[in-house]
Amino acid sequence: MPLSVVILAAGQGKRMHSDLPKVLQPLAGQPLLQHVIRTARALNPAYLCVVYGYGGAEVQAAFTHEDVDWILQAEQLGTGHAVMEAMTVIPDDHTVLVLYGDVPLVTASSLKRLIAAADAGALAILSVNLDEAAGYGRIVRDADGRVSAIIEHHDADATQLTIREANSGLMAAPAGRLREWLLGLGRDNAQREYYLTDVVALAVQAQDRVEALLASNATEVMGVNDKVQLAQLEACYRQARARDLMLAGATLVDPARVDIRGEVEVERDVFIDVNAIFIGKVHLSARVKIGPNCIIRNARIGADTEVYANSIIDNALIAEHCRIGPFARLRPEVVLHRGVHIGNFVEVKNSEIGSGAKANHLSYLGDARVGSDVNVGAGTITCNYDGANKWPTVIEDGAFIGSGTMLVAPLKIGAGSTIGAGSTITANAPEGKLTLTRPPQITAGSWQRPAKLAPDEHAAAVDRVIKAPKS
Ligand code: UD1
Ligand code: CA
């Protein structure tokens with residue numbers, strides 16, 4: 001049967017106490033709804049729509065990159081009402097799968113089981129056994145163990161509240177049948193809403209087959225209603241990704257203290273120390289070592305490269321055998337070739353650094369093309385900004401830049417040249433030569449060290465300079 005997927009995302013999420021619509025709250029760095037759309041896509045649906053309402057424009061604006069149909073639920077009258085809105089565009093011969101924008105980690109394999117049961121004519125709901133089912137609808141079964149209804153937490157009596165089998169909210173059904181059951185929904189309940197869950201009792205009444213399929217684990221059906229649940233889900237996600245890395249051969253000093261907000265790929269024998277944060281797409285090649293407290297976003301790091309403690313890498317391509325940090329900062333658009341050393345308190349932005357080049361201490365390299373085997377002395381700065389424009393600096397192969405040098409761009413430092421320490425270089429330096437700017441050294445004959453002043457003398461001295469009328 002052709003598949004239509006309906007994602008419910010119109011609710012406000014009152015319990016979040018947030019200005020951000022619930023489905024835009026981030027899990028692993030991506031909106032909750034993004035996770036659900038990704039999973040829906042994996043099912044190759046013939047039709048995919050998102051029912052939106054609260055924070056509509058903001059929600060749509062966050063997903064302009066996604067080719068989905070948007071169905072407006074102007075008034076949020078409940079999950080059943082939301083599905084009714086979507087059913088206006090779904091043909092009877094489809095199988096409909098309902099997903100919730102606030103249940104982000106459901107797996108495609110569980111959903112495929114639901115779809116298969118619905119393709120065979122049943123109303124299939126995904127349920128889960130929970131030790132603590134507060135907030136969830138409960139699956140009510142008759143004496144023969146057949147599903148007879150779902151009762152919402154708010155509407156359940158004391159006995160029903162003891163039921164541990166909870167409703168994930170996700171369901172699949174033949175579209176034609178679902179349309180008919182939906183006609184029977186009312187709002188006579190604690191929340192005055194059209195509950196989607198009431199279709200279960202209506203299907204039972206109509207003698208349609210209802211199947212509750214158990215989810216493979218509790219996290220995949222965890223709903224996010226408040227910030228506590230959001231943090232719990234984030235922790236589950238983090239644990240799962242840490243496990244993936246370890247199973248792929250990485251050594252994690254403490255799997256509870258690595259934070260993965262995106263996709264990380266590791267090759268053999270990668271070592272990751274505590275409190276590393278990975279964001280976006282990160283690839284760590286064989287034997288890469290990541291020190292403690294590093295933040296790495298969208299980067300590819302070559303084999304045997306070591307990143308020492310407290311370094312930040314954002315959008316960089318790093319070759320093999322490099323050494324970075326501690327306390328290094330690579331800002332976007334950096335390419336490091338083989339064997340480059342970027343040391344402590346060195347900031348690099350939009351620059352390409354040739355193989356074997358070193359900038360080991362306290363430097364800024366911005367908009368620079370640095371050749372191979374260049375040595376950038378401590379305290380060197382590429383002065384790339386004139387207050388209005390950014391300018392490039394080119395340092396050719398084998399150049400040696402003395403410590404404390406200002407390179408006022410645009411500028412080219414010739415191959416094999418040497419720049420004397422403390423220079424302010426404003427014009428191109430020729431190849432193979434020593435170039436420097438340096439005021440002469442003087443020794444003052446009459447100067448003496450200042451003596452300690454009494455407080456009133458000190459105050460008077462300050463007043464003479466600071467409060468004196470301008471001449
Ligand atoms: C729902 C289920 C409950 C289940 C739980 C699992 C119903 C009536 N209850 O309860 O049985 O155990 O999920 O997480 O379905 N939404 C709309 N339009 C609306 C109302 C909600 O699009 O008018 C969307 C929300 O944005 C959300 C989803 O539907 O993504 C679920 O709504 P929510 O209010 O969170 O339902 P729960 O109370 O959690
Ligand atoms: Ca919910």
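**Helix H1.** I looked up which residues of helix H1 are buried, and found Leu-32, Leu-33, Gln-34, His-35, Val-36, Ile-37, Thr-39 and Ala-40. Buried means under 20% relative accessible area, exposed means over 50%, and partly exposed is in between, with a 1.4 Å probe and protein chains only. I take helices (H or I, at least four residues) and strands (E, at least two) as DSSP runs, numbered from the N terminus.

**Ground rules.** I note that this is a predicted model, in which local features need pLDDT of at least 70 and side-chain atom pairs count only at pLDDT 80 or more, while totals for chains, interfaces and linings use all residues. Residues are numbered from 1 along each chain as its sequence is written, chains are lettered from A and ligands numbered from 1 in the order in which they are written, and side-chain values use heavy atoms, with hydrogens and water left out.

**Calcium site.** Which residues coordinate the calcium ion (ligand 2)? I found Asp-102 (OD) and Asn-225 (OD1), at 2.4 Å. Asp-102 sits in the loop between strand S6 (95-100) and helix H4 (108-119), and Asn-225 in the loop between strand S11 (210-214) and helix H8 (227-247), so the pair ties together parts that are 123 residues apart in sequence. Both Asp-102 and Asn-225 are buried. Donors are N, O and S atoms within 2.8 Å of the metal (3.2 Å for Na, K and Ca); water is not among the atoms, so sites may look incomplete.

**Salt bridges.** I counted a salt bridge where a side-chain nitrogen of Lys or Arg is within 4 Å of a carboxyl oxygen of Asp or Glu. The count comes to 20 salt bridges. In one of them, Arg-179 pairs with Asp-92, the closest N and O atoms being 2.9 Å apart. This pair links distant parts of the chain, with Arg-179 in helix H6 (residues 175-183) and Asp-92 in the loop between helix H3 (79-87) and S6, 87 residues apart. Arg-179 is partly exposed, at a relative accessible area of 28%.

I also looked up Arg-146, which forms a salt bridge with Asp-144, the closest N and O atoms being 3.2 Å apart. Arg-146 and Asp-144 are exposed. Asp-254 forms a salt bridge with Arg-257, where the closest N and O atoms are 2.8 Å apart. Asp-254 is partly exposed at 22% relative accessibility, and Arg-257 is partly exposed at 40%. Elsewhere, salt bridges that share partners join Asp-142, Asp-144 and Arg-146 into one network.

**Cysteines.** How many disulfides are there in the whole structure? My search found 0 disulfides, a disulfide being a pair of cysteine sulfur atoms within 2.5 Å. The sulfur of Cys-294 is 14 Å from the closest cysteine sulfur, in Cys-322, which is too far for a bond. Cys-294 is buried, at 0% relative accessibility. Cys-236 is partly exposed, with a relative accessible area of 22%.

**Arg-329.** I placed Arg-329 in strand S21 (residues 329-330). Arg-329 is partly exposed at 42% relative accessibility. Not counting residues up to four places away in sequence, Arg-329 touches Ile-312, Val-346, Glu-347 and Val-348; contact means heavy atoms within 4.5 Å. The C-alpha atoms of Arg-329 and Arg-113 are separated by 47 Å, the two residues being 216 residues apart along the chain.
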